[in-house]
Each structure stands twice: as C-alpha cells, then as structure tokens.
Amino acid sequence: MALDGITLHCLAHELHSSLQNQRIGKIAQPEKEELLFTFKIPRQTRRLLLSANASLPFACFTSESKPSPLTAPNFCMVLRKYIGNGKILSVTQPGLERILCFSIEHLNEMGDPGIKYLYVELMGKHSNIIFCDENNIIIDSIKHISAQMSSVREVLPGRTYFIPTQEGKENPLAATEKAFLAHISSCPAPVYRAIYQSYTGISPLMAQEICYRAGIDGDQSTAALSREDLSRLYNVFDGLMGQLKSDDYQPVILYDQDIPLEFAPFPIRMYADKTRETCASMSEALERFYAKKNRHTVMHQKSSDLRRHLSTLLERTSKKLQLQLRQQEDTAKREKYRLYGELLHTYGYQIPAGAKNAQVTNYYDGSEITIPLDDTLSAMDNAKKYFDRYSKLKRTDEALQTQIRETKESLAHLQSIESSLNFAESEEDLDIIRDELAAYGYLKAKGERKKNKMQKKSRPLHYVDAHGFHIYVGKNNYQNDELTFRFASGNDWWFHAKGIPGSHVIVRSENQELPDDTYETAAAVAAYYSNGRDSEKVDVDYLQKKNVKKPNSAVPGFVIYHTNYSMTIRPSLSGVHPAE
C-alpha cells in the first residue's frame with residue numbers, strides 16, 4: 001500500500017521519540033531524490049533515509065550506508081550550510097496529512113540560535129522534500145515545481161510554503177459521531193470509498209479494513225446502510241482513531257507467500273489467510289517491506305531482457321512443434337497408399353489400360369475400395385507410384401518423430417529455464433541462467449564465463465522445518481543437478497512437482513525416518529518452487545534420491561524415475577524458515 005496518514009502518524013511518533021534533541025552528524029544525498037541523515041546517538045549511530053521518489057516515496061531508519069556522489073548536489077549543500085550539526089526539536093505531522101515536519105534548531109552566521117523546517121511530503125507522484133526558514137519561506141527543495149508544472153502550488157525558493165487543502169476532507173482525529181454519520185450518509189459511493197474520500201490520511205486498504213471489522217461489505221453503497229450499520233462503522237472508526245491518539249499500534253507486514261503484499265500499523269484482519277510478520281516499529285516495517293519489494297522489483301527489471309528473449313524462444317518453439325505435429329498428421333495417410341499399392345499388385349491384371357479408377361475388394365476386411373488411377377500409366381506403374389508415396393511419407397514420419405521429440409525436449413528445457421527466472425535472487429543467479437542459454441545455443445555467449453566460479457557464488461535455497469530437517473531447493477537447472485547428483489546421498493528424499501517445470505527439492509534424512517508432516521512440508525515447498533505456485537493444489541512426486549536417474553546427454557535438471565510416491569498439496573512456505 002502507499003504511505004497513508006495513519007502510517008505516517010505512527011512513524012512521526014517514533015521519529016520524534018528517537019530523534020528529539022539529537023544532533024545531525026552528516027547529511028548526504030545518495031540519489032537524486034533521496035536524503036540520508038546520520039545521527040550520532042550515544043552508543044549507536046542511526047541513519048534516517050528520506051525518499052521523494054515518485055514511484056517509491058518513504059521515510060524510515062535504515063542500517064544501510066549508501067555511497068554518496070563525489071560532488072554533493074545543490075540541495076544537499078544548502079542543507080549542510082544551514083542545518084549541519086543542527087538539533088532536532090520535534091518531528092510532527094500536520095493533521096493526518098502525508099507530511100512529516102522536522103523542526104531543527106541551528107546557529108546562524110552570527111552564532112545566534114535559529115529555527116528551520118524540513119517538510120517531507122510523501123504523496124506519490126507529488127512527493128517532495130522542502131526546506132523552509134522560520135517564517136515558512138522556502139529556501140530550497142529537492143524538486144522545483146513551477147507554475148507551468150502545477151497550477152495549485154509553486155515550490156520555488158522565496159515562495160511561502162503551505163499545504164494544499166483537500167476539499168471536502170476532514171481530520172479523522174477530530175471526527176465526532178454526528179459529523180461522521182453525516183459525511184458517510186451524504187456521500188453517494190461505496191462505503192469504503194466514502195470513508196477515504198471524507199477523511200484525510202486514510203488509504204483504501206484501511207477503509208476496507210474498517211468496513212471488514214464492522215461486518216459491512218465495503219463495496220456496497222452507503223445508501224444501503226442501516227442506522228445500526230452506521231453505528232458499528234463509527235465505533236470501529238473511532239476505536240482505530242483512539243489507538244492512534246494513544247500511540248497504540250502493532251506494525252505488521254503481510255506476505256503473499258514470500259512476496260511482500262502490504263504493510264500497516266495495525267493487524268489487517270481481512271487478510272487472515274496471508275502470512276503476517278510483526279515488527280518492533282513502523283520504521284522497521286517500512287525498511288523491511290521496501291527492501292524486499294525493491295529486491296523483487298530490481299530482479300524483475302534486471303531479468304526483463306532474458307524474459308523477453310525466453311518468451312520469443314518459447315513462442316517460436318511452440319509454433320515449430322505445432323507445425324511438426326500437423327505435418328505428422330498428414331503422414332497418417334501413408335497406410336492408405338500402401339494398401340492401394342498392394343491391391344493394385346493383386347488385381348492389376350483385371351484392370352483395363354487407360355482406366356481412371358479401379359473398383360477392387362480389400363482382402364483385409366472384405367470392403368469395396370475405389371482406387372484413383374493415372375490413366376497414362378499401367379496398373380503396375382500406378383502401384384509403384386503409390387508405394388513411392390508410402391515410402392516417402394514413412395521416411396517423413398520417422399524424421400518427424402525424432403524432430404518432435406527434440407522440439408518437445410527443447411520446449412521443456414526452455415520452460416524450466418523460464419521457471420528458474422522466477423526464483424532468481426541475485427545477479428549471479430541471472431548469470432548462471434545466461435550461461436545455460438548460451439551453452440545450448442539459445443543465446444549468444446558474451447566471452448568465456450567461468451561457470452564453476454559463478455555456481456559457487458549462487459547457492460541453493462536452504463530451509464529448516466519444525467523438526468529440524470534441512471531442506472534444499474535448486475534455483476536453476478545447474479543447481480538442480482548439483483543438489484540431486486552431487487550433494488544428496490542415496491537415502492535423502494527428493495521432491496518435484498509432477499509434470500511441470502520446477503525446482504529439485506532435497507530433504508537431508510541423516511539416515512532417519514522422516515515424520516509425516518516433513519514429507520508434507522517438503523512437498524509444499526516443491527509445489528511453491530514450481531510453475532504451479534499460483535494453483536490451489538499441485539501434484540508432487542517424491543522418492544529416495546537413489547532411485548532418481550539422469551539419462552545420458554540429458555539437459556541440466558532433467559531426470560527420470562519410476563518407483564515414486566505422490567501427494568496433492570497446496571504450495572506454501574509456511575512450514576519452514578530460512579536456515580541461519
């Protein structure tokens with residue numbers, strides 16, 4: 001979700017508690033629209049990251065120290081000039097707006113104390129960081145907004161800073177029951193939309209959560225609400241605002257499997273089926289959420305060229321397979337030509353010269369058959385012509401069988417590589433995938449890569465289940481081979497999604513009998529790391545590793561097995577945790 005006013009209210013309280021009366025040790029601008037403040041707090045160093053990036057605006061403490069450009073940008077130099085070594089007096093939030101206001105005390109050129117304000121506006125594409133003097137006159141901003149860019153407000157040095165009013169919206173912290181009922185009742189819209197359109201700082205997610213807790217369908221019209229519905233809705237709304245006023249919150253991150261989905265200052269009850277991670281602070285929740293979200297986004301961007309190339313290869317190979325299958329269907333008529341030739345050899349003496357067809361009896365089933373003839377040829381020459389057609393189609397069919405088998409293998413190989421892209425977590429993982437594509441002629445190799453070196457950098461995923469059994473997951477075909485045929489011992493257990501591309505999953509048995517729920521946990525992991533991840537249920541095969549074989553000349557990741565067990569299970573990582 002985007003940062004809303006409720007989240008920023010919690011964050012402002014945390015920042016104020018941590019930074020009040022603390023001095024700024026260092027100011028850096030590592031990115032065009034980012035600031036990094038370092039505070040030397042007794043017995044620790046804290047870094048505050050502020051981002052006005054239109055696609056990812058946020059503010060939180062971070063443990064990461066980003067490198068700064070050799071020449072500091074102008075805005076950073078202005079901040080260093082005025083508030084370098086300044087003291088944070090307070091961190092506040094105007095109303096429930098998506099704005100943080102830092103009041104900073106500093107010494108001017110004459111050595112006298114002065115006050116400056118740093119406004120961090122986290123409003124999506126309108127995000128900005130604005131530096132003002134004690135009279136709220138803008139000194140500078142990280143983004144300059146001229147009258148040509150915005151008719152609502154100019155953000156330029158010398159202009160007076162003000163917060164654009166949101167017409168028709170009220171401060172929810174000051175809401176009364178009478179005003180709330182009047183606002184919601186008079187708004188002709190779905191209930192959840194009426195809530196966030198009537199009050200500042202409430203996101204659509206939080207509005208839906210308020211409706212859910214009140215037992216109301218948020219998508220229904222406000223006109224359908226009874227007096228009792230409105231009363232329950234207000235009680236839930238007032239309860240959440242009361243928690244905000246008393247700074248009573250429990251920040252959480254919600255995951256759809258291992259992909260970060262939402263964050264919130266309160267548990268989101270309407271997502272009870274999602275994995276929930278409780279955090280010690282709102283800042284910690286934001287740092288974890290954006291770090292993980294950014295990692296997924298960055299990896300998807302870095303792999304975009306490979307995805308496009310693979311998509312083209314898959315489409316081309318699929319079309320090739322369809323064409324070959326159609327050609328094979330055409331060869332099915334060869335048996336008819338063979339039969340025509342045999343019957344002409346048998347009954348040819350009865351067929352007069354110059355006949356255009358021959359009516360003969362099929363001695364295989366007793367039926368009557370009409371055989372088309374070339375009237376310029378004798379019956380024996382017509383028979384030879386049909387046998388030649390039969391032989392040609394037979395040779396074509398034999399060649400197509402080989403080609404179709406090779407094309408199906410190529411298609412399965414490409415699908416497995418595409419699946420590996422979904423599990424890539426680092427540049428090294430992508431390099432291994434590029435190596436595999438180049439090794440099999442799907443991609444032009446860019447110089448000689450040291451594959452073994454690359455494989456050492458990229459490790460399989462490693463989990464531990466509730467019983468302490470170690471579970472390993474290959475992230476690509478090379479790792480799958482390494483896990484199955486070099487790492488696993490004969491009595492370890494091997495899992496794989498049935499009939500679809502996916503990772504090899506190994507459970508180290510340590511010569512012990514696995515508990516039943518360990519089998520289920522490992523199967524769920526194998527289903528998750530497969531192309532069936534988004535399915536409700538996936539069939540998974542499992543057997544001891546000693547019964548898994550690799551055919552000669554098979555591509556990486558391809559195996560055969562016969563004596564296996566199977567189970568149907570929901571893809572999930574809920575039964576495991578990453579090994580330390």
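Of the 580 residues in the protein, 47% are buried, a term that means under 20% relative accessible area, with exposed meaning over 50% and partly exposed lying in between (1.4 Å probe, protein chains only). This is a predicted model, in which local features need pLDDT of at least 70 and side-chain atom pairs count only at pLDDT 80 or more, while totals for chains, interfaces and linings use all residues. Residues are numbered from 1 along each chain as its sequence is written, and side-chain values use heavy atoms, with hydrogens and water left out.

**Overall form**

The protein contains 14 helices and 21 strands; these are DSSP runs numbered from the N terminus, helices being H or I with at least four residues and strands E with at least two. Its radius of gyration is 35 Å, well over the 25 Å that the globule rule gives for 580 residues, so the protein is more spread out than a compact globule. The radius is taken over C-alpha atoms, and the rule is 2.2 Å times the number of residues to the power 0.38. The C-alpha trace spans about 125 × 60 × 55 Å along the principal axes.

Contact means heavy atoms within 4.5 Å. Among contacts between residues at least 6 apart in sequence, 59% join residues at least 24 apart.

**Surface**

The accessible surface comes to about 29,500 Å², and carbon and sulfur atoms account for 48% of this area. Such areas come from the Shrake-Rupley method with a 1.4 Å probe; for residues, only the protein chains shown count as cover.

**Cysteines**

A disulfide is a covalent bond between the sulfur atoms of two cysteines. Here it is counted as a pair of cysteine sulfur atoms within 2.5 Å, and the count comes to 0. Two cysteines are set out below.

| Cysteine | Relative accessible area | Closest cysteine sulfur |
|---|---|---|
| Cys76 | 1%, buried | Cys132, 17 Å |
| Cys101 | 7%, buried | Cys132, 8.5 Å |

The sulfur of Cys76 is too far from that of Cys132 for a bond, and the sulfur of Cys101 is likewise too far from that of Cys132.

**Thr484**

Thr484 lies in helix H13, which covers residues 477-487. With a relative accessibility of 0%, Thr484 counts as buried. Apart from neighbours within four places in sequence, Thr484 is in contact with Trp494, His504, Ile506, Lys545 and Val548. Lys333 is 151 residues from Thr484 along the chain, and the C-alpha atoms of the two are separated by 45 Å.
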